[in-house]
Amino acid sequence: MILSNYQALLVRPFEEMSGSWTANFPKMTPSVTECDLGFDSNGVQLSVVDYFQQQYKLTLRLRGFPAIEAGTKEKKKYIPIELCRIQMDQPYIKALTEQQRSGLLNLTCLHPQDRRERTKVIGGQLRDSTAKDAAEFGIQINTLMTEVPGRVLPPPKIMYKSYEENPREGAWNMRGKVIWRGAKISSWAVINFSKFVPPQAVQNFSNKLPELCKTYGVLMNPNLAAPPATEINGNVEGVVKHVIDSAERNGNPLELILCIMPQQENKHLYATVKRLCELEFGVWTQCCLADHVKKCRPDYIANVILKINAKLGGQNSLLVDEQKKQLPLISDVPSLIIGADISHSRVGDDGPSICAFVASMDWPFFSKYEAIVQTQKRGSEIFDDLYWEKDDEQGRKQTGGIFKELLSSFQERCNTKPERILYYRDGVSDGQFEMVLNNELGALKKAFEALGWTDQSQTSQAEEPSQKRLRIGKSPKVTFIVVQKRHHTRFFPNTEKRCPTLKNGNLLPGTVVDSVICQPKIFDFYLCSHAGIKGTSKPAHYNVLQDENGFTPNDIQRLTNDLCFTYARCTRSVSIVPACYYAHLAAKRARVWLDSGSISDSGSFHGRSISGMSTGSGSQMLSGPFMKPLPPVHGRIKNSMFFI
């Protein structure tokens with residue numbers, strides 16, 4: 001059972017046998033006694049059991065276990081599994097379980113001071129072990145850490161209804177506050193999927209949720225649109241349909257389903273609920289774990305309300321500088337923030353890569369985002385369908401693509417075209433900067449031309465004045481920034497100089513480093529915008545590849561840090577700019593749809609389609625197996641932040 005998790009292992013035979021080999025066993029032999037595993041030995045046909053008895057005087061004790069098949073096709077070797085040992089320190093290439101991942105994080109999360117001391121020790125060991133070789137080249141390794149200057153940006157003020165909050169150490173709370181713009185929830189229901197949550201606990205949570213919603217400024221009907229349902233036998237689709245039908249019979253089309261999930265082994269259940277409600281029925285969902293429902297703590301419910309409000313079109317809070325239109329460069333003119341990310345399938349999984357884009361749609365604010373997700377060839381770092389052109393049956397040129405969809409949606413929602421675009425791109429390594437910039441910025445410029453947003457736009461005399469106003473003008477100016485989190489740079493406060501730190505020794509939120517260790521040819525900086533709760537804080541590395549807007553270093557650093565305080569799911573600043581965070585969540589949600597087991601189980605068809613706002617009309621066929629296209633998000637929720 002353990003060995004089935006491996007495709008190849010280096011196994012070491014028992015002491016009396018010499019040598020070692022790599023055994024590939026996508027399948028293993030049946031037990032050595034159940035099958036006729038034999039071979040010719042000097043003209044005598046011997047079984048595996050008899051061979052080891054005669055050759056090594058070994059009596060196999062685990063004859064019900066399989067054997068490892070090694071050797072060549074012409075000359076096979078059968079090694080009973082009880083005589084093999086797995087070589088230590090081999091990489092595990094399959095996805096880890098939740099328990100394994102949690103254990104690994106606990107092992108690697110070191111207090112900043114502990115990590116610093118351990119780094120010094122390992123550095124000293126590396127220097128000592130390589131000193132002789134390094135000396136031959138005239139190299140000496142210095143194990144002292146590089147001292148770099150840094151500064152701490154002030155946190156932005158957070159605006160609630162009639163209240164301004166000053167975050168402390170990157171965090172604040174909802175006590176005594178009213179959400180800036182609360183959503184209205186007229187029809188909602190509850191489904192309990194956990195057998196460990198009694199009906200009384202469900203009723204208690206169902207009563208407490210609308211009560212606290214009223215406190216925080218969200219208008220939630222205190223009465224359920226359908227009686228609470230319980231389903232512990234796996235009939236997810238049946239219970240969801242039942243609840244929706246019950247609400248509609250009462251004349252209340254369902255808007256939200258609160259799903260109470262089992263504490264353990266809920267991955268497939270979660271995926272099925274999200275697929276059904278978001279792709280087929282067009283109902284928002286909020287999943288809560290069983291233990292949280294039973295405890296019914298007000299602070300947990302407050303966090304749930306933040307998510308529900310954002311999903312259904314509300315606005316939890318905003319920056320004071322947003323409200324006063326004082327954000328650098330993007331408050332004074334119509335501006336658009338785009339976040340892009342790509343998610344690759346896990347090692348050993350032949351599923352497609354998923355790319356996701358989100359764009360702000362509420363200028364002069366930057367709190368509401370819409371998403372587009374699509375599948376593409378596995379492992380590809382270049383986005384497809386950013387912009388396309390083709391001729392229709394009448395020979396007329398048609399244009400489309402992700403960027404055109406996002407820009408058109410912004411124009412429709414804000415009744416203006418963006419004059420500035422801030423583009424944050426996640427998931428790019430240093431060697432891909434030029435390739436990604438040329439591909440994505442080039443596609444963005446082509447989308448401008450297709451929409452008529454060029455310096456010399458020609459407009460038809462028959463156009464309406466409003467449309468003419470939207471087309472005439474200069475092309476939007478783009479600032480292209482790559483966000484990197486997968487690096488090994490860590491900063492430790494200089495305790496000898498009494499640098500201010502968090503109580504656990506981590507950097508203060510807003511710490512910026514933009515010299516000494518940064519690149520000489522492009523503007524880049526490290527920003528630790530969050531308060532590290534566990535382990536050592538990892539700063540985000542921002543690389544400004546192109547800046548047509550003329551941001552000063554201070555402006556782009558301050559703006560990026562301020563945006564990290566606008567994340568809708570919690571009352572904390574986050575480690576990367578929310579546009580990239582939302583793109584990551586959208587890609588993760590699309591992966592959930594694919595993993596739900598009901599979308600192309602065979603995985604035999606090819607191509608891709610765009611969900612969210614896009615219709616996928618520009619999709620082209622891609623080669624490669626297991627290209628599962630994404631079905632469109634239900635029209636009722638596709639323009640919302642359903643993914644958070």
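Predicted model: local features only at pLDDT ≥ 70, side-chain atom pairs only at ≥ 80, totals over all residues.
**Entry 1: the largest cavity**

I started with the lining of the largest cavity and sorted its residues by class: 11 are nonpolar, seven polar and one charged.

Numbering runs from 1 along each chain as its sequence is written, and side-chain values use heavy atoms, with hydrogens and water left out.

What counts as a cavity here? On a 1 Å grid over the protein atoms alone, a cavity is a set of points where a 1.4 Å probe fits but cannot get out, while a pocket is an open set with protein on both sides within 12 Å along at least five of seven lines; lining residues have an atom within 4 Å of a point. Points are joined across faces, edges and corners, and volume means the space filled by probe spheres set on them. Rolling a water-sized probe over the atoms shows where empty space is left.

How many cavities of 30 Å³ or more are there? I got three. The largest holds about 170 Å³ of space. I listed 19 residues in its lining, and Asn316, Ser317, Thr566, Tyr567 and Ala568 lie nearest its centre. Helix 8 (298-311) and strand 17 (318-319) each give this lining at least two residues. Helices (H or I, at least four residues) and strands (E, at least two) are DSSP runs, numbered from the N terminus.

**Entry 2: the second largest pocket**

Next I looked up the second largest pocket, with a volume of about 930 Å³. It is lined by 31 residues, and Thr146, Glu147, Val148, Phe491 and Phe492 are the closest to its centre. Which element gives the most to this lining? Helix 3 does, with four residues. Helix 3 spans 112-136, and strand 8 (151-152) and strand 25 (511-513) also supply at least two residues each. By class, I wrote down 14 nonpolar, nine polar and eight charged residues for this pocket lining.

**Entry 3: a nonpolar patch**

On the surface I found a nonpolar patch made of Tyr92, Leu96, Leu104 and Leu107, with about 360 Å² of accessible area together. Patches take residues with over 30% relative accessible area and no salt bridge; like charges are joined within 9 Å, nonpolar side chains (Val, Leu, Ile, Met, Phe, Trp, Tyr) within 5 Å. The areas come from the Shrake-Rupley method with a 1.4 Å probe, and for residues only the protein chains shown count as cover.

I checked Leu107, which sits in helix 2 (residues 98-108). Is Leu107 buried or exposed? Leu107 counts as exposed because its relative accessible area is 63%. The scale: buried is under 20% relative accessible area, exposed over 50%, partly exposed in between (1.4 Å probe, protein chains only).

Most residues other than glycine have a negative phi, and most peptide bonds are trans. I looked for exceptions. The peptide bond from Trp363 to Pro364 is cis, with omega near 15 degrees, and Pro364 lies in the loop between strand 19 (353-360) and strand 20 (369-376).

Lys57 is not a glycine, yet has a positive phi of about 60 degrees. Lys57 lies in the loop between helix 1 (48-56) and strand 5 (67-71), and is exposed at 67% relative accessible area. Val516 also has a positive phi, about 70 degrees, without being a glycine. Val516 lies in the loop between strand 25 and strand 26 (523-528), and is exposed at 56%.

**Entry 4: salt bridges**

My search of the whole structure gave 16 salt bridges, each a side-chain nitrogen of Lys or Arg within 4 Å of a carboxyl oxygen of Asp or Glu. In one of them, Glu280 pairs with Arg275, with the closest N and O atoms 2.9 Å apart. Glu280 is partly exposed at 39%, whereas Arg275 is buried at 9%.

Glu548 and Lys445 meet in another, at 2.9 Å from N to O. This pair links distant parts of the chain, 103 residues apart: Glu548 is in the loop between strand 27 (540-547) and helix 13 (553-563), and Lys445 is in helix 11 (residues 433-451).

Conventions:
Nonpolar A, V, L, I, M, F, W, Y, C, P; charged D, E, K, R; others polar.
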